[in-house]
Amino acid sequence: MSTLKAVRGTRDLLPPEISVWQRIEETARRVFARYNFGEIRTPVFEDTSLFSRSVGEETDIVSKEMYTWEDRARAQSEKSQSLTLRPENTAGVVRAYIEHKLGETGQLQKLYYIGPQFRRERPQKGRYRQFSQIGAEVIGPPSAGSESPLRDAEVLEMLATLLDELGITGWTLEINSVGSSADRARYNETLRTALVPLAPKMCVDCQRRAVTNPLRVLDCKVPEDQPIIDALPKIVDSLDEASKAHFAAVTAALDAAKVPYSRNHRLVRGLDYYTRTTFEFTHGGLGAQNALLGGGRYDGLSEAIGGPKAPGIGFAMGEDRLVLTLQTLEASRPEKVDAYIAPLGESLNAPALALARELRRAGLTIELGDGSFRLKKSFDAADKTARRIVILGEDELQSGILTVKDFSSGIQTKVSRAALAAHLAESK
């Protein structure tokens with residue numbers, strides 16, 4: 001019988017790597033709270049039509065990558081339903097906004113999520129078929145200021161803060177405007193016309209996209225196609241005055257907040273619902289697939305899936321990409337615990353547990369050894385997992401004076417039990 005393994009494109013996250021994920025999520029929650037975002041949790045599967053209507057029938061996600069199945073009726077009174085594991089979360093958040101009538105509050109809804117998404121694409125470094133995203137959406141009625149370019153700039157400034165607090169240095173923010181839905185449609189036709197004589201010289205995907213969804217041609221990464229794409233008409237020439245003014249206001253606010261950015265005329269993002277501001281944060285340490293996160297404005301998405309007018313802007317970041325970046329920057333080395341308690345003999349196991357309980361209740365992270373270990377084995381284990389070792393022998397137990405060795409300095413110190421927690425905390 002063959003050994004069972006995780007399905008291709010999925011993986012297990014184990015200690016110590018999981019600590020990096022936890023740190024990313026804890027930092028995100030802390031930053032989002034400062035910007036008054038609340039958490040939303042939506043189902044991992046939705047009605048298939050939610051994604052076909054919002055993401056777009058001709059996008060690669062809908063046409064190639066979704067995990068979809070027919071949920072058959074279990075009784076004659078029931079109808080079957082096509083369901084899909086969510087390939088992205090914005091559509092689900094907007095569906096929840098509509099279903100729960102959040103717009104009737106008259107307030108902006110600032111919502112964030114952390115959870116798995118699913119796409120059936122070719123697995124590669126930093127890209128899996130089940131992957132976790134952190135994202136946020138700002139959505140509400142126009143009367144709440146949801147159309148304001150200030151909302152765009154605030155989201156971008158928040159993301160710059162988040163990356164900085166994660167310790168990710170050297171990021172680049174690229175922004176563009178894809179205009180209103182009318183601008184986008186006009187540019188699509190301009191591109192379609194321009195591509196008629198050029199598409200036969202391009203890759204197979206671009207030949208298909210030139211007909212079905214010309215904007216996607218701009219996403220092509222095939223090196224031979226780049227000179228052709230660079231010479232194509234730019235969307236800035238198809239923007240109306242309102243879209244130009246919106247983009248100018250976004251960049252003015254970023255300038256005031258001293259958030260650096262560059263304009264990328266080819267940045268259109270891969271989903272049909274985007275309007276006006278689109279953006280990506282990239283990092284050179286990730287190679288060719290260098291996007292850390294991306295997003296944009298989606299002013300017509302609510303109406304597209306049957307809801308009220310509710311302009312919004314949001315983003316999603318893949319946690320795998322963040323972890324890879326942190327590892328590249330050597331910022332994700334597993335942190336060692338505060339101390340390792342080494343009981344000298346099995347009879348001291350119980351007192352060692354009592355000591356560990358005291359220290360843990362004082363807020364310290366403690367690894368507990370075992371009295372059956374020889375002292376050398378305890379030192380070896382402690383050196384791998386902790387910054388210090390606390391030796392608990394019969395003499396230490398009776399006198400209340402413990403031996404503490406700091407591995408980084410090599411200094412060995414005698415510390416009273418009453419002062420031990422403070423000593424370990426001071427030398428963190």
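Author: This is a predicted model. Strand E14 (residues 388–392) and strand E15 (residues 401–406) are paired in the antiparallel sense, over 4 bridges.

Reader: Which residue is the bridge partner of Arg388 in E15?

Author: Asp406 is the bridge partner of Arg388.

Reader: What packs on the sheet there, touching E12, E14, E15 and E16?

Author: Helix H15, residues 417–426, packs on the sheet and touches those four strands. The direction of H15 makes about 125° with that of E16. Helix H13 (residues 375–385) lies across E12, E13, E14 and E15, and runs at about 170° to E12.

Reader: What is the strand order in the open sheet?

Author: The order is E13-E12-E14-E15-E16, 5 strands with mixed pairing. Strand E13 (366–368) and strand E16 (412–416) are the edges, each pairing on one side only. From one strand to the next, the twist averages 25°.

Reader: Which sense does E12 pair in with E14?

Author: Parallel, over 4 bridges. Within that pairing, Ala342 has Ile391 of E14 as its bridge partner.

Reader: And with E13, how many bridges?

Author: E12 and E13 have 3 bridges, also in the parallel sense. Ile341 is bridged to Leu368 in E13. The chain gets from E12 to E13 through helix H12 (residues 349–361), and that β-α-β crossover is right-handed.

Reader: Why is E12 described as largely enclosed by the rest of the structure?

Author: Because 5 of the 5 residues of E12 are buried. Buried here means under 20% relative accessible area. Ala339, Ile341 and Pro343 are buried on one side of E12, and Tyr340 and Ala342 are buried on the other, so both faces are covered.

Reader: Switching to hydrophobics. Which residues touch the most other members of the largest nonpolar core?

Author: Phe32, Leu173, Phe279, Phe281 and Phe315, in a core of 40 residues. Helix H5 (residues 149–166) provides the largest share of this core, 9 residues.

Reader: What does Leu173 touch, not counting residues up to four places away in sequence?

Author: Leu173 touches Leu156, Leu254, Val259, Pro260, Tyr261, Ser262, Phe279, Glu280 and Phe281.

Reader: Helix H11 next. Is it mostly covered or mostly open?

Author: H11 (residues 319–328) is mostly covered, with 8 of its 10 residues buried. The buried residues of H11 are Glu319, Asp320, Arg321, Leu322, Val323, Leu324, Thr325 and Leu326.

Reader: Now the whole chain. How many helices and strands?

Author: The protein chain has 15 helices and 16 strands. Of its 428 residues, 48% are buried.

Reader: What box do the C-alpha atoms fill, and what is the accessible surface?

Author: Along the principal axes, the box is roughly 85 × 60 × 50 Å. The accessible surface is about 20,900 Å², and carbon and sulfur atoms account for 52% of that.

Reader: Last one: what share of contacts between residues at least 6 apart in sequence join residues at least 24 apart?

Author: That share is 69% for the protein chain.

Note on methods: Residues are numbered from 1 along each chain as its sequence is written. This is a predicted model: local features need pLDDT of at least 70, side-chain atom pairs count only at pLDDT 80 or more; totals for chains, interfaces and linings use all residues. Side-chain values use heavy atoms; hydrogens and water are left out. Two strands pair if DSSP finds at least two bridges between them. Helices (H or I, at least four residues) and strands (E, at least two) are DSSP runs, numbered from the N terminus. Axes are lines fitted to C-alpha atoms, for helices over the stretch in contact, and angles run from 0 to 180 degrees between N-to-C directions. Contact means heavy atoms within 4.5 Å. Buried means under 20% relative accessible area, exposed over 50%, partly exposed in between (1.4 Å probe, protein chains only). A crossover is right-handed if, with the strands pointing away from the viewer, the path from the first strand over the helix to the second runs clockwise. A nonpolar core is a set of buried Ala, Val, Leu, Ile, Met, Phe, Trp, Tyr and Cys residues joined through side-chain atoms within 4.5 Å. Accessible areas come from the Shrake-Rupley method with a 1.4 Å probe; for residues, only the protein chains shown count as cover.
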